Amino acid sequence: MGATVPRPATDAAVATRDEYVDFCMGVRALTAIDLLQYKRTQMERRIRTFAERRGAPGLAAYLERLRADPDELDHFLDRVTINVSQLWRNPEQWSVLERDVLPELLAGARLRRLRAWSAGCSYGAEVYTLAALICELGGDRPGRAEIVGTDIDRRMVERAREGRFSVDDARTAPPALLERWFERTEDGWAATAPLRALVRFEVGDLLRMRIPERAYDLVLCRNTVIYFTEEARDALHARLAASLRPGGCLVIGSTERISRPRELGLVATHPFTYRKS
């Protein structure tokens, strides 16, 4: 019996596939964001719908518009990068960190600096929330702790460095902690000097940046990898696990999971929280 010859893809299918890939390669050249590492079905639908709403006849034409119009590129980045955040987002996770995780990590790091990393920090709400809890637990002495936040979107990193948040950003924040560690402004809240002393922000692509091994006591990577392909997600989780010191903790989002955590040396201690063995 002869081998079955696969039917060739239709011209329309090839054109659609190539158009999307070419578009993603063009966006990567413009912004360093690799959209091909994100789940294609979701991302392509989002991009095509947005391009149509902006009046583009196709992705090739829209790419040319992005190359020519910086303002349009900003609008596009706002659509495809996920910058949903707020102070004390997912309060139940912060309760676990404040009650169980941070006191133990601070005690273990009493003779050195506790190092924490917010991977995919958006405009800094997670970083400043963590800083407030560390200060609340007495970790605000000079040299006691350091928190680095990284995000692929340079605009978000610049905003994070300002440390300013709207009233809506603070809607789930505990009132007492908010009043103690943030200052009221005309339109919301601003991080106080003790918080600013603990934090720094950098531009970084989680899928491509160099991640040092055994560097951190705590890594937060929440509500980020759900948009990645399974391969990209698993590779990133392996690198995040390797970045932890023994006894360090990795916290992921409440809709995310780690495939085969034990193979990465991770043991679940609380929901969505893992300790490096």
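Which residue forms a salt bridge with R275? The partner is E104, and the closest N and O atoms of this pair are 3.4 Å apart. Please bear in mind throughout that the model is predicted.

Is E104 buried or exposed, or does E104 fall in between? E104 counts as partly exposed, because its relative accessibility is 45% and that class covers values between 20% and 50%.

The salt bridges as a group come next. The count comes to 23 salt bridges. One of them is formed by the side chains of E202 and R200, at 2.2 Å from N to O.

Another salt bridge brings together the side chains of E263 and R260, with an N to O distance of 3.3 Å. Here E263 is exposed, and R260 is exposed too. There is also a network: E19, R40, E44 and R48 are joined into one by salt bridges that share partners.

I turn now to the aromatic residues. A search of the whole structure finds 11 aromatic pairs. One of these is the pair of F23 and Y62, which is stacked, with 6.4 Å from centre to centre and 15° between the planes. Where do these two residues sit in the chain? F23 is in helix 1 (residues 11-31), whereas Y62 is in helix 3 (residues 59-68); the two are 39 residues apart, and the pair links distant parts of the chain.

Are F23 and Y62 buried or exposed? F23 counts as buried because its relative accessibility is 1%, and Y62 counts as buried because its value is 0%. The cut-off for this class is under 20% relative accessible area.

Beyond that pair, one aromatic cluster is formed by W88, Y123, Y128, F165, F182 and F201. A member of this cluster, Y123, also has a charged residue at its ring: R159 lies over the face of Y123, at 3.8 Å from the ring centre.

The largest pocket has a volume of about 220 Å³. Which residues are closest to its centre? Of the 13 residues that line this pocket, they are T31, I152, D153, R154 and V203. Helix 4 (70-80) and helix 7 (154-162) are the elements that give two or more residues to the lining. By class, the lining of the largest pocket consists of five nonpolar, two polar and six charged residues.

Which residues line the second largest cavity? They are Y38, K39, Q42, M43, R46 and Y227. By class, this lining has three nonpolar residues, one polar residue and two charged residues.

That concludes my presentation, and I thank you for your attention.

Methods:
Residues are numbered from 1 along each chain as its sequence is written. This is a predicted model: local features need pLDDT of at least 70, side-chain atom pairs count only at pLDDT 80 or more; totals for chains, interfaces and linings use all residues. Side-chain values use heavy atoms; hydrogens and water are left out. On a 1 Å grid over the protein atoms alone, a cavity is a set of points where a 1.4 Å probe fits but cannot get out, and a pocket is an open set with protein on both sides within 12 Å along at least five of seven lines; lining residues have an atom within 4 Å of a point. Grid points are joined across faces, edges and corners, and a volume is the space filled by probe spheres set on the points. Helices (H or I, at least four residues) and strands (E, at least two) are DSSP runs, numbered from the N terminus. Ala, Val, Leu, Ile, Met, Phe, Trp, Tyr, Cys and Pro count as nonpolar, Asp, Glu, Lys and Arg as charged, and the others, Gly among them, as polar. A salt bridge is a side-chain nitrogen of Lys or Arg within 4 Å of a carboxyl oxygen of Asp or Glu. Buried means under 20% relative accessible area, exposed over 50%, partly exposed in between (1.4 Å probe, protein chains only). Rings of Phe, Tyr and Trp (its six-membered ring) pair if their centres lie within 6.5 Å; planes under 30 degrees apart count as stacked, over 60 as edge-to-face and the rest as tilted. A charge sits over a ring if NZ of Lys or CZ of Arg is within 6 Å of the ring centre and within 35 degrees of the ring normal.
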